[in-house]
Amino acid sequence: DAFLRDKRANKVLTGGLVGMAMLIADNVPVSDATIMNVRRASSDYDAAILRSRALLNEYRAHIELPSDIAYATGAQRHNLSLATDGKIPMISEEFGDIGIETIGRYVDDICQAKTIIINGPVGRYESLPMALGTQQILQYSAYAATENRALVLIGGGDTSAALDGIIGVGNIMQCSAGKAFLEVLSSGHVKDLPGIMALARV
């Protein structure tokens, strides 16, 4: 939340497990499989949802949530709007990616941005039906870097792995350490990061 608190970020576009946790915190109905995924990824699920709800309450104007999602049945991709008037989606599959409408909104924001920071894919990029959201976010981020001279920073091994096949990737700056990447960007402090300090001593 340091980016929002210190007004370093104008918008935060959510997807992946963070986006799903935010949807749950916002009382948006999600499938049981999605809830289980968030539980498995969280050391303390209840605390994670409470924290997400607190962030939404304080910074909602700056946090974008998915308005639709995608799920897969076999190799087939399906889109599902989350405008369900409180009804539970009638699917058992996990929410595996952001949906088409959300991709469009996020791409529009990316194309207008001067600085873009990406930490983590917005879906199961390793599964072909669910790779579309992450591919589009990365492709248009590369476009923004090339055509708009935007500064694009990417952190995390999963995000870097998803760059395969993206045109213009040479204009994107990469860091393989996702958590450390965000810590340095949000605080500017490197003294608690042993790897960076070790490099500084070389």
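Which residues of α5 are buried?

A: This is a predicted model, in which local features need pLDDT of at least 70 and side-chain atom pairs count only at pLDDT 80 or more, while totals for chains, interfaces and linings use all residues. Residues are numbered from 1 along each chain as its sequence is written, and side-chain values use heavy atoms, with hydrogens and water left out.

The buried residues of α5 are Thr102, Ile103, Tyr106, Val107, Asp109 and Ile110, where buried means under 20% relative accessible area, exposed over 50% and partly exposed in between, with a 1.4 Å probe and protein chains only. They lie on the same side of α5, because the arc they cover around the axis is only 160 degrees (the arc of the directions from the helix axis to the C-beta atoms). An α-helix has 3.6 residues a turn, so residues three or four places apart point the same way. Helix α5 itself (residues 100–112) has 13 residues, which at 1.5 Å a residue should span 18 Å, and the 19 Å between its end C-alpha atoms agrees with this; the expected span is 1.5 Å times one less than the number of residues.

Helix α3 (residues 32–41) can be read in the same terms, with Thr34, Asn37 and Val38 buried. These residues cover an arc of only 95 degrees around the axis, so they sit on the same side of α3. They pack against α2 and α4, whereas the face turned away from the buried side carries the exposed residues Asp32 and Arg40.

Ile69 is in contact (heavy atoms within 4.5 Å) with residues beyond four places in sequence, among them Met20, Leu80, Phe95 and Ile98.

In helix α4, Ser52 is buried, with a relative accessible area of 9%. A polar atom of its side chain lies 2.9 Å from the backbone oxygen of Ala48, and, not counting residues up to four places away in sequence, Ser52 touches Ala21, Met22 and Ala25.

The loop between α2 and α3 holds Asn27, which has a positive phi near 60 degrees and is exposed, with a relative accessible area of 63%. Arg149, in the loop between α6 (132–147) and β7, likewise has a positive phi, of about 55 degrees, and is exposed at 76%. Most residues other than glycine have a negative phi. In β7 (residues 151–155), Gly155 is buried, with a relative accessible area of 0%, and its C-alpha lies 7.9 Å from that of Ile117, 38 residues away in sequence.

For the protein overall, there are 9 helices and 8 strands, taken as DSSP runs numbered from the N terminus (H or I, at least four residues, for helices; E, at least two, for strands). Buried residues make up 42% of the 202 residues.

Technical notes. Polar contact = N/O pair within 3.5 Å; in protein donor to acceptor, adjacent residues only side chain to side chain.
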